[in-house]
Amino acid sequence: VAPIIGMENPRHYRNKAQAAFGTTRSGKIVSGVYQSGTHRIVMVDRFMIQDERADRIIVTIRGLLRDFKIAPYDEDAHTGLLRHVLVRTAHATDQILVVLVTSKSMFPSRNHFVAALRAAHPEITTIVQNINDQPTSMVLGTREIVLYGPGKIEDILCGCRFSLSPRSFYQINPVQTEVLYGKAIEFAGLTGTETVIDAYCGIGTIGLVAAPHAQSVIG
């Protein structure tokens with residue numbers, strides 16, 4: 001087995017942060033991750049592997065819910081508004097996308113909420129409301145409302161520029177992705193005459209990185 005190529009700094013690399021929101025029996029608003037095999041939220045303010053900017057934004061949103069008297073979603077009673085928050089951070093461009101996943105499209109004081117969030121975090125590039133009104137464990141719904149900015153961010157990976165929307169599939173560790181893709185291209189030994197098939201290609205990161213080295217790519 002060849003030696004493992006590890007990260008120089010294997011912390012705070014994750015460019016996609018996701019937090020569930022809920023309320024304790026005492027009425028305290030909490031955010032974090034689900035305990036394994038349950039839907040009990042384990043309160044987390046700071047992840048060792050997530051982008052620290054994303055952690056800070058999620059904590060701020062939790063505080064804004066209290067300030068604006070907005071209730072987190074209760075999946076048993078099907079009441080409340082905010083279900084999840086998703087934050088994407090772009091490693092190369094420093095752009096930040098915040099997705100507020102709500103149980104309905106009606107969002108009280110939406111403009112004031114967005115203004116308060118932007119005031120606390122002017123580094124945010126765009127904010128999107130995603131509506132998931134189904135009784136499902138899926139995080140994102142199919143409807144979206146852009147609340148601020150273009151509704152997407154851009155990142156650069158292996159010299160290619162990618163546009164990332166809330167539902168885009170994108171590798172979560174950009175530093176190691178470049179290392180991994182570089183090795184994949186090296187091991188493929190492309191000569192410029194091949195047709196490359198990028199199976200399950202998502203937004204096409206592997207295929208587009210391989211394209212300059214092959215005759216054609218099918219994603």
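The structure is a predicted model, in which local features need pLDDT of at least 70, side-chain atom pairs count only at pLDDT 80 or more, and totals for chains, interfaces and linings use all residues. Residues are numbered from 1 along each chain as its sequence is written, and side-chain values use heavy atoms, with hydrogens and water left out.

**The sheet**

Begin by displaying the strands. Helices (H or I, at least four residues) and strands (E, at least two) are DSSP runs, numbered from the N terminus. Seven strands form an open sheet with mixed pairing, in the order S3-S2-S1-S4-S5-S6-S7; two strands pair if DSSP finds at least two bridges between them. Select residues 41-43 and 143-148 next: these are strands S3 and S7, which stand at the edges with a single partner strand each, so one side of each is left without a neighbour in the sheet. From one strand to the next, the twist averages 35 degrees. Such angles run from 0 to 180 degrees between N-to-C directions, with axes as lines fitted to C-alpha atoms, for helices over the stretch in contact.

Now select residues 96-102 and 126-131. These are strands S5 and S6, which run parallel and are joined by six bridges. Within this pair, Leu 100 stands opposite Gln 129 in S6.

**The helices on the sheet**

Select residues 110-120 to find helix H2, which packs on the sheet and touches S5, S6 and S7. The direction of H2 makes about 60 degrees with that of S7. Then select residues 52-67, helix H1, which lies across strands S1 (16-23), S2 (29-34), S3, S4 (82-89) and S5. Helix H1 runs at about 150 degrees to S4.

**Two buried strand residues**

Move to Thr 126, which lies in strand S6. Is Thr 126 buried or exposed? Its relative accessible area is 0%, and it is buried; buried means under 20% relative accessible area, exposed over 50%, and partly exposed in between (1.4 Å probe, protein chains only). The side chain of Thr 126 reaches the backbone oxygen of Tyr 148 at 2.5 Å. A polar atom of that side chain also lies 2.8 Å from the backbone nitrogen of Gly 151. Leaving aside neighbours within four places in sequence, the residues in contact with Thr 126 (heavy atoms within 4.5 Å) include Ile 96, Val 98, Val 146 and Pro 150.

Next, select Phe 21 in strand S1. Phe 21 is buried, with a relative accessible area of 3%.

**Two loop residues with positive phi**

Select Ser 109, in the loop between S5 and H2. Its phi is near 55 degrees, a positive value in a residue other than glycine. Ser 109 is partly exposed, at a relative accessible area of 40%.

Then go to Tyr 200, in the loop between strand S10 (195-197) and helix H4 (205-210). Phi of Tyr 200 is near 50 degrees, again positive in a residue other than glycine. Tyr 200 counts as exposed, at 85% relative accessibility.

**The cysteines**

How many disulfides does the structure hold? It holds zero, a disulfide being a pair of cysteine sulfur atoms within 2.5 Å. The sulfur of Cys 160 is 7.0 Å from the closest cysteine sulfur, in Cys 158, which is too far for a bond. Cys 158 is partly exposed, with a relative accessible area of 30%, whereas Cys 160 is buried, at 19%.

Note on methods
Polar contact = N/O pair within 3.5 Å; in protein donor to acceptor, adjacent residues only side chain to side chain.
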